[in-house]
Amino acid sequence: MRDKHARAYWKANVRILATLLTVWAFISFVCGILLADFLDNFRFGGFKLGFWIAQQGSIYVFVILIIVYVFWMDRLDARYHRDSSVSDPEKETQA
Amino acid sequence: MNVQLWTYVFVALSFGLYIGIAVWSRAASTNDFYVAGGGVHPLANGMATAADWMSAASFISMAGLISFLGRDGAFYLMGWTGGYVLLALLLAPYLRKFGKFTVPDFIGDRYYSRSARMVAIFCAISVSFVYVCGQMQGAGIVFSRFLEVDITTGVIIGMTIVFFYAVMGGMKGITYTQVAQYCVLIFAYMVPAIFISLMMTGNPIPQLGFGAELTEEYGGGYLLDRLDSLSEELGFATYTAGQRATQDVFFITAALMFGTAGLPHVIIRFFTVPSVRDARKSAAYALVFIAILYTTAPAVAAFAKTNLLNTVNNASYEELPSWFSTWETTQLIQFDDQNGDGRVQYSGDPAINELTVNRDIMVLANPEIAGLPNWVVALVAAGALAAALSTAAGLLLVISTAVSHDLLKRSMMPGISEKQELLFARLAIFVAILIAGYFGINPPGFVAEVVAFAFGLAAASFFPAIVLGIFYRRMNREGAIAGMLSGFLFTAAYIIFFKFVSPESSTPENWWFGISPEGIGTVGTLINAAVALTVCRFSPAPPRDIQNMVEEIRLPGNVPTVPLSHQSH
């Protein structure tokens with residue numbers, strides 16, 4: 001029982017990580033570096049898009065990614081917490 | 001009041017504050033000394049992490065480097081912030097759940113091996129030493145310019161202050177001092193940036209002013225367009241276009257990201273919060289606090305560069321503003337009137353260029369270049385010192401913990417009492433400060449360059465070992481040790497060869513696949529992971545209890561873990 005919960009929790013956790021890290025790699029390595037020259041063809045205000053992503057936009061995205069992570073993980077923990085008397089041994093000994 | 005008087009006032013006030021906090025937060029136990037008692041609020045930990053993290057290199061050098069690198073400067077910006085995503089997602093919560101004191105603790109226990117612990121201790125100490133040299137040099141530059149004392153005296157003042165609060169308070173003292181230092185440094189960074197943005201673009205938010213139009217006084221048009229055309233006019237590369245080879249930028253960015261996530265002084269900050277949930281939260285706070293400075297830096301770089309080009313180009317030497325001669329005396333700006341016309345020709349063509357500007361002064365001189373009031377200039381000095389000292393303290397703590405806890409208590413003399421361990425920890429900090437001071441007075445190179453190497457080494461040694469230790473249950477001690485050693489040795493050898501043995505051959509043609517020594521840490525990281533995974537396949541799986549431990553740190557963690565003082569070792 002405990003194993004089943006632990007595995008499901010871990011799988012959900014890894015899925016969250018994979019999603020967020022995909023965005024992380026896409027915005028920094030793909031948009032900020034590999035496609036920066038191409039994206040520079042688009043402008044908003046005084047910024048060229050590629051330059052802006054490389055120097056500022058990516059940082060805003062990183063902040064959002066970590067905030068989303070905190071939020072998702074809290075939700076995931078809360079969902080498994082209902083059964084955590086089985087999945088958390090420390091809780092078990094205290095109970 | 002003149003700049004110097006203001007500087008004395010700000011430096012005295014901020015140093016007084018740090019000492020006051022040190023006295024208030026004395027450490028009584030090893031638990032206090034190593035992890036500040038484990039009860040730091042995530043918000044406070046986020047601020048302390050930000051200060052710990054933002055070093056003299058971030059504060060003094062980064063904007064200057066960016067202003068000379070143009071768009072390629074993005075590898076610092078993305079590398080040093082993107083690494084936080086890795087840190088927050090892949091390391092911080094699990095290491096907190098693991099619930100010990102240090103990174104070698106994790107490596108040693110996870111890989112059930114004294115040799116693994118030794119390798120980790122060695123990597124932690126060398127990475128921290130390389131990095132702390134840069135901090136001490138940064139402090140020396142600031143002191144020599146703003147307090148008009150020589151660098152030696154400046155470094156000694158800085159060392160004494162750090163000594164006081166690090167030795168007394170350990171992690172506890174350092175944590176709360178760093179919270180204060182964050183406030184000082186961010187205020188000092190933002191005030192001139194806001195002033196300059198307002199003056200040049202009429203927009204008080206530098207992040208927006210960066211893409212805004214210049215005021216009439218500065219010639220109108222978008223700031224970045226003006227900077228591009230000014231640069232081209234003078235024979236420099238276009239500011240907003242990339243200059244370096246794409247793969248080099250790619251590898252440097254990745255090396256800085258992996259390095260950020262592998263830096264022991266940042267990782268240990270996550271051992272100080274009460275729970276796993278708090279570790280995640282404090283990583284988010286830390287990145288928000290860091291992002292405030294990191295999104296301002298490229299704006300500062302563009303403002304400073306535009307101002308510099310506007311002010312000095314073709315100006316008559318006699319009529320240059322006073323900041324020019326002040327910085328000339330420190331030799332950080334050098335004017336050599338080659339054609340003897342008494343005017344400054346600043347050009348991308350070395351044959352006719354007459355001006356050499358050290359990149360490190362762009363932030364420090366920026367307020368003066370923009371003609372801001374004296375107190376702003378002095379404030380920047382206090383902020384730069386806060387940045388250098390906070391990081392130095394965090395690094396010294398890693399060195400001291402590695403010696404007293406990992407090396408003595410857990411490896412060589414397991415029988416020592418807590419009191420003795422604490423004494424050794426304080427002694428280790430003392431010795432480390434002396435060595436760091438020596439390198440501050442006899443610096444080995446540019447601040448940011450030296451720091452960039454520390455990242456390569458941290459990336460190539462720790463990052464794969466920790467991540468594989470959490471995400472790959474089958475990873476065993478043979479694999480981890482072989483991986484750490486090969487990653488570290490490869491990276492160190494490449495850097496040492498191109499930087500110290502044969503610096504003249506350090507050109508893109510000679511680099512492997514065009515990857516500069518700054519970016520080689522990424523290759524080292526990959527080598528580490530590849531070697532670890534290969535060796536692991538040909539050696540026995542880790543024992544059952546280790547595999548259980550890995551399962552354990554993966555479990556949901558919103559229940560606070562057992563208080564550290566109740567743990568058995």
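Seven salt bridges (side-chain nitrogen of Lys or Arg within 4 Å of a carboxyl oxygen of Asp or Glu) were counted between chain A and chain B. The structure is a predicted model, in which local features need pLDDT of at least 70 and side-chain atom pairs count only at pLDDT 80 or more, while totals for chains, interfaces and linings use all residues. Residues are numbered from 1 along each chain as its sequence is written, chains are lettered from A in the order in which they are written, and side-chain values use heavy atoms, without hydrogens and water.

Over all chains the salt-bridge count was 12. In one of these, the side chains of B:Arg277 and A:Asp74 meet at 3.1 Å, N to O. B:Arg277 lies in helix H13 of chain B and A:Asp74 in helix H3 of chain A, so this pair joins two chains; helices (H or I, at least four residues) and strands (E, at least two) are DSSP runs numbered from the N terminus. A:Asp74 also forms a salt bridge with B:Arg280, at 3.2 Å, N to O. A:Asp74, A:Asp77, B:Arg277 and B:Arg280 are linked in a network of salt bridges. Within it, B:Arg280 is buried at 2% relative accessibility and A:Asp74 is buried at 17%, whereas B:Arg277 is partly exposed at 33% (buried, under 20% relative accessible area; exposed, over 50%; partly exposed, in between; 1.4 Å probe, protein chains only).

The contact (heavy atoms within 4.5 Å) takes 46 residues from chain A and 56 residues from chain B. About 4600 Å² is buried between the two chains, 69% of it on carbon and sulfur atoms; buried area is the accessible area (1.4 Å probe) that two parts lose on being put together, summed over both. In chain A, the residues losing the most area to chain B are A:Trp10, A:Gln55 and A:Ile66, together 15% of what that side buries.

A further salt bridge joins A:Lys48 and B:Asp228, at 3.6 Å, N to O. H3(A) gives the most to the side of chain A that touches chain B, with 19 residues. B:Asp228 is among the buried residues of helix H10 (residues 223–233) of chain B, which also include B:Leu224 and B:Leu227. The buried residues of H10(B) pack against E2 and H3 of chain A, together with helices H8 (151–201), H9 (206–209) and H13 (276–312) of chain B.
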